[in-house]
Amino acid sequence: MRTHHEALARTSLLLNQEWFAGEADERAIAGALLASTVRMVGDAESLSCRAGQTALITAFMLTARLGIGIELVAPNVRLIDHSAPLREGRLVDALLELGSDLIPGLRVRTTVGQVDETFAFGSAPGSQQAVRVAASDVGAELERGSKSTPCHGHLPFGGLAAGAAVAAVALEAAVARIEAATGMIARKPRPSPGPPVRIRLSELFPELADGLQLDLGSVDVISGGAITHAMLFCLLRIPGVHARLRIIEEQKAEISNVNRYSLLRASDDGVDKIEQLKSVETDGVTVKGVRSLFTKNNRGTLLPLAERVLVGVDDVRARWWVQEEQPDWLAIGATGNNLARLTTHVAAGPCAACTHPEALAPGVIPTISFVSFWAGFLQACALVSGSRAPTNVFIYPFALSGPQAIASFAPRTNPDCPLDCSASAGQEAA
Amino acid sequence: MKRVAHGVLEQTFEHLRRCGEGRRECVVFLTGPLEIPDLIDQAVHPSHRASAGGYELASAGIADISTQLLAARRTVRAQVHTHPGVAYHSPHDDEFALVHTPGFLSLVIPRFALGPVGLDGAFLAERDRDGGWVAVPPDERLELC
């Protein structure tokens, strides 16, 4: 019998490092998360459009993976996108069913009780203290108060962003319970996840509002881990997308992955990751799994790469090995404890090694649902934006209410590039 | 309130930008004479390693700077470093600040200091008596002269 301690091990580790200098009892952290509850309320109009429905689904999925219980007060409207990890045809049915197969012991209910925070989606009723959640095609807003804004939009991007923002606020609502359980005070000052939160994805990817590239052709994906799960979760919800994904991954899913793998269920424990990912494909987005690792020595068996390559591996050297094969367009999703990052690379521009020059020390990596999600979400946005402009985006999901929580830079060549790429050599010559 | 002498913030941003190159964090110490406790009049750029996600001070570099400051009867009054995006104090920043004396200031500058020279968007933390940190508005602790 798997336990919530095992499922939340990486989350507890991260929170221990970030809030308690590594000195708290991680089992107590996991227990406090499981004892916390937030209410998610939605109205029929907002939940009947893709922006609003995606916001609730994403918020539910990411919050549940924190182990935080959810009280769902929403109409059981028809599901717009019949996509994994959901299996039922109606919204509430689908979320209740999903909630029963995530973190062991997770509480999901539709009856009203005590909660630590309330999120009111769109025009749903809510008190002055409720966090109002509004989503549009490419925007998201969280604000505390009684003024409601209906969700409206046929694209999922704003909803995906709103859902990710909600999960971080839900975690903040659990802090008091975690402090009580551990007998320790979470470090201060620490950044605020909001509210308020205002996200305009069109500022990062103008093409999302102006015209999507929906026919993506063949895309190679290095890793079947959390970032790829998030990317695919998003891709499956973009109407009209066609892509043939080849996912390279050799590991089996574990219960400790459920804390952040957007498409994974607890019942997938022990299944090959590529088989599980294959099981979520649709008519529009197909998945071919290759049970392998992309390494310096065996990459020859995996060539040629597709024109577009997505990389979500922790191993920085693997990013370099992929870059050495010079794909036309390479998008790297990466995370730190409190940071998600996207870099994209094209021929003659700063390469993956210019922007990711240092290999990480091996070890168990702390992770949390909404940080991993942002990295994959950014990859999906970059992919369907069709833009070839190199990007270097940093997002601080724990700090979304602060200025510069989403920061974008032009990638820079690195004179110390580990690959001595042509762009860095050109800089040295100059 | 500490007075930051004219030009020191400009020097600080110059170090942060030149060393960080808009792609990695950087750190600078703000120093002042022992005899004038409220004055900051120099920016010192210590030896360190850095990436986009953090920085690490070199022990030898810290020792060199300490020796030089002692000889000149000067001290470090604040530590300044950059973040790629939002400015705040991370656990690493809490742990690896140079000075543990109450009142020591730690200033975080967003966007690799590529924005305008100044304290807009900056985050300032101050050591409290318990060795922890409290957030303080930059203009309540730093007066730019």
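Keep in mind that the model is predicted.

Helix H2 of chain A covers residues 9-20, and helix H3 of chain A covers residues 26-35. Their axes come within 9 Å. They cross at roughly 110°. An angle from 65 to 115 degrees counts as roughly perpendicular, so H2(A) and H3(A) are roughly perpendicular to each other. Who makes the contact? From H2(A), take A:Ser12, A:Leu13, A:Leu15 and A:Asn16. From H3(A), take A:Glu26, A:Ile29 and A:Ala30. By class, the residues of this contact are 4 nonpolar, 2 polar and 1 charged.

Next, the sheet. Chain A has an open sheet of 8 strands with mixed pairing. Read the order with me: S10-S9-S8-S11-S12-S13-S14-S15. Which strands stand at the edges? They are S10, residues 285-290, and S15, residues 406-409, both of chain A. Each has a single partner strand, so one side of each is left without a neighbour in the sheet. Between neighbouring strands the turn is 15° on average, direction ignored.

Strand S14 of chain A, residues 392-395, pairs with S15(A) in the antiparallel sense. That pairing runs over 4 bridges. Within it, A:Ile395 stands opposite A:Ile406 of S15(A).

Now put a helix on the sheet. Helix H15 of chain A, residues 369-385, packs there. H15 touches S8, S11, S12, S13 and S14 of chain A. Its direction makes about 165° with that of S12(A), residues 329-335. Over 145 degrees counts as roughly antiparallel, so that is the label for this 165° angle.

On to the two chains. How many residues does each chain bring to the contact? Chain B gives 20 residues and chain A gives 23. On the chain B side, two elements give two or more residues: helix H3 (91-95) and strand S10 (133-136) of chain B. S10(B) has the largest share of that side, with 3 residues. Sorted by class, the chain B side has 9 nonpolar, 7 polar and 4 charged residues.

Last stop, back in chain A. Helix H11 covers residues 226-235. Buried or exposed? Buried: 10 of the 10 residues are, so H11(A) is largely enclosed by the rest of the structure. The buried residues include A:Thr228 and A:His229, as well as A:Met231, A:Phe233 and A:Cys234.

That's the tour. Questions are welcome.

Conventions
Residues are numbered from 1 along each chain as its sequence is written. Chains are lettered from A and ligands numbered from 1 in the order in which they are written. This is a predicted model: local features need pLDDT of at least 70, side-chain atom pairs count only at pLDDT 80 or more; totals for chains, interfaces and linings use all residues. Axes are lines fitted to C-alpha atoms, for helices over the stretch in contact, and angles run from 0 to 180 degrees between N-to-C directions. Angles under 35 degrees count as roughly parallel, over 145 as roughly antiparallel, 65 to 115 as roughly perpendicular and the rest as oblique. Two residues are in contact if their C-beta atoms, placed from the backbone, lie within 7 Å. Ala, Val, Leu, Ile, Met, Phe, Trp, Tyr, Cys and Pro count as nonpolar, Asp, Glu, Lys and Arg as charged, and the others, Gly among them, as polar. Two strands pair if DSSP finds at least two bridges between them. A residue is buried if 20 or more other C-beta atoms lie within 10 Å of its own, exposed if 12 or fewer, and partly exposed in between; C-beta atoms are placed from the backbone.
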